[in-house]
Amino acid sequence: MTSSLTVRGRRVLVKGLGLHGGGVGTVQWLLNQGAIVTVTDLRPRSVLAPSLKQLAGKAVTFVLGRHRLSDFRQADLIIKNPAVPHDSPYLAVAGRAGIPIETDAALFFANCPAPVIGITGSKGKSTVTMLAAASWRAAGRRPIVVGNIGISLLASLSKIKITTPVIAELSSWQLEGLAPHHVSPHVAVLTNVYPEHLNRYRSYAHYRAVKKMIVRWQTATDVRIINRDNPDARRIGQATPSRRYWFSKKYFAGEDGCYVRAVVIWYRQSVHERRVLAVADISLRGEHNLENVLAAATLALSQGIAPAMMRRAVRQFTGVPHRLELVRELAGVAWYNDTTATMPEATIRAIQTLKQPKRRVILIAGGADKKSSFAGLAAVIQRQVARVILLPGTATPKIITALKRVRYQAYTAVPTMIAAVELAQAQVQSGDTVVLSPACASFGLFVHEFDRGQQFIQAVRRLRRR
């Protein structure tokens, strides 16, 4: 990589501190490397308080609630938070001044001494990441897990040796940070590709091209693990010289990877086929979680983890918080938190997973628009959802329009999460399922999607029997 990533003694401006830990980890690493650090964020000190607390007493200059053009002209290097948009006028100023702009992902790959396993996709990447890590632990290894899963890429660098297994969940925004350096992970996993973040990208084709970066610069000594059942992932998986493994819910012949045959997951490498586990051994609900297990199993076995260790990991794995997470059962009603369903396809999967004969589904959805289409979701709601409760946001009118087009009328808009949970309780009967699965981003009403999920959890736990 280029010398622009050298930080010792340089004036480094961090644009966007954030609240997920990545910004804090970046600042701490920069300080440890001898950089002179300024942090700028449009959010005020009161909102950023949890992150600022972790940096208390550090030699950092904070510019909060605003940006100053002078900071962008005078820096030697700018590190932008993954959520910072490409068209930021402040970054444009820095670009015209010839100041290099990098990301935590670029710094991480430039400084990581071990090969990196990178996992990306529109959905499922967190579950695959955590399940893969569980398989390494079952085998007695100690992987370092970092990235978009909420663990700073840079904060863990000091713990990584050349032999350390490194598993990184990579968002599309983090992949973009690797593009200028033509870097892809040594082992790349692509769970799927669906229309997502279209408020951020010019088109779905642009978004797909960014996801392709997970494999784009791989070489013949690298490995790619691809969802054979997802059309766009499959097309991406055919395009690079690295060694390819597929995973699929269907049997396929002649190539390496994991597939399902006779309700058993099998792994093939060359001409050798091994039984991994029965589908019935998977405690995670839903067809999408079968895909996640297949992805994690393909990854683990291709890297030398024994099938017995994979089975142990799957049997002990209970899922990732905020992803179809059972919050509680009260008076015969099950309440699920699926706040990370920020796209219609994810909410469709949640409905299909939870819907059972004689068990109604009440859906809490709505929020900020990411230029998604809600036509498919409305059709599923019309067939399988008893009532919809809609949170405020720019996407909510689009959902209402889509519901009206399929002549669905059992929806109500509410102003807050507490109102949504209380209305759901007033409408449920024993045997029902209530799920927060928004199909939208959380901007506006919540700090972020995990805040949205936590508010739901708190409201549900406060409920009392009627």
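## Legends to the close-up views

**View 1. Arg 68 is partly exposed, with a relative accessible area of 29%.** The model shown is predicted; local features need pLDDT of at least 70, side-chain atom pairs count only at pLDDT 80 or more, and totals for chains, interfaces and linings use all residues. Residues are numbered from 1 along each chain as its sequence is written, and side-chain values use heavy atoms, with hydrogens and water left out. Asp 71, the partner of Arg 68 in a salt bridge, is buried at 11% relative accessibility. Relative accessible area under 20% is called buried, over 50% exposed, and in between partly exposed (1.4 Å probe, protein chains only). The closest N and O atoms of Arg 68 and Asp 71 are 2.9 Å apart. A salt bridge here is a side-chain nitrogen of Lys or Arg within 4 Å of a carboxyl oxygen of Asp or Glu. The structure holds 16 such bridges.

**View 2. Glu 255 and Arg 244 are joined through their side chains by a salt bridge.** The N to O distance of this pair is 2.6 Å. Glu 255 belongs to the loop between β11 (243–247) and β12 (257–261), whereas Arg 244 is part of strand β11; the two residues are 11 apart, and the pair links distant parts of the chain. Helices (H or I, at least four residues) and strands (E, at least two) are DSSP runs numbered from the N terminus. Glu 255 is partly exposed, at 25% relative accessible area, and Arg 244 is likewise partly exposed, at 24%.

**View 3. A salt bridge connects Glu 291 and Lys 249.** For this pair the N to O distance is 3.4 Å. Because Glu 291 lies in helix α11 (residues 287–302) and Lys 249 in the loop between β11 and β12, the bridge ties together parts that are 42 residues apart in sequence. Glu 291 is buried, with 7% relative accessibility, while Lys 249 is partly exposed, with 26%. Both residues belong to a network of salt bridges that also takes in Glu 287 and Arg 349.

**View 4. Ala 295 of helix α11 is buried, with a relative accessibility of 0%.** Apart from neighbours within four places in sequence, Ala 295 is in contact (heavy atoms within 4.5 Å) with Val 128, Val 189, Ile 225 and Phe 247. The C-alpha atoms of Ala 295 and Gly 124 are separated by 9.4 Å, although these residues lie 171 residues apart along the chain.

**View 5. Helix α11 crosses helix α12 (residues 307–316) at roughly 145°.** The axes of the two helices come within 10 Å; they are lines fitted to C-alpha atoms over the stretch in contact, with angles from 0 to 180 degrees between N-to-C directions. On the α11 side, the contact is made by Val 293, Ala 296, Ala 297, Ala 300 and Leu 301; on the α12 side, by Pro 307, Met 310 and Val 314. These residues comprise 8 nonpolar, no polar and no charged. Ala, Val, Leu, Ile, Met, Phe, Trp, Tyr, Cys and Pro count as nonpolar; Asp, Glu, Lys and Arg as charged; the others, Gly among them, as polar.

**View 6. Two buried cysteines are Cys 112 and Cys 258.** Cys 112 has a relative accessible area of 13%, and Cys 258 one of 0%. The structure holds 0 disulfides, a disulfide being a pair of cysteine sulfur atoms within 2.5 Å.
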